[in-house]
Amino acid sequence: MSTVVKVSAFAAALVAVFAVAWAIGSAVGPLDEAPPAPPPASEHHGHHPGGTP
């Protein structure tokens, strides 16, 4: 078996492995995706009459 055939077979196998991994990853989706953050709570920091500044 010549070197060209060996390198070509290795490259084809490598492409096949990455294609299968990409297909599985696309089917499963992200595993560590955090849920969306809730909207920030309304905080009132205004001046209250009669209070200390």
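User: Which residues make the nonpolar surface patch?
Analyst: First, this is a predicted model, where local features need pLDDT of at least 70, side-chain atom pairs count only at pLDDT 80 or more, and totals for chains, interfaces and linings use all residues. Residues are numbered from 1 along each chain as its sequence is written, and side-chain values use heavy atoms, leaving out hydrogens and water. Nonpolar patches join Val, Leu, Ile, Met, Phe, Trp or Tyr side chains within 5 Å, each residue having over 30% relative accessible area and no salt bridge (a Lys or Arg side-chain nitrogen within 4 Å of an Asp or Glu carboxyl oxygen). Here V20, I24, V28 and L31 make a patch of about 430 Å² (Shrake-Rupley, 1.4 Å probe, with only the protein chains shown as cover).
User: Why might such spacing matter in a helix?
Analyst: An α-helix has 3.6 residues a turn, so residues three or four places apart point the same way. In this model, L31 lies in the segment after α1 (3-28); helices are DSSP runs of H or I, at least four residues, numbered from the N terminus.
User: Where is G29, and what is its phi?
Analyst: G29 follows α1, with a positive phi near 90°.

Definitions and conventions:
Patches are made of residues with over 30% relative accessible area and no salt bridge: like charges are joined within 9 Å, nonpolar side chains (Val, Leu, Ile, Met, Phe, Trp, Tyr) within 5 Å. Helices (H or I, at least four residues) and strands (E, at least two) are DSSP runs, numbered from the N terminus.
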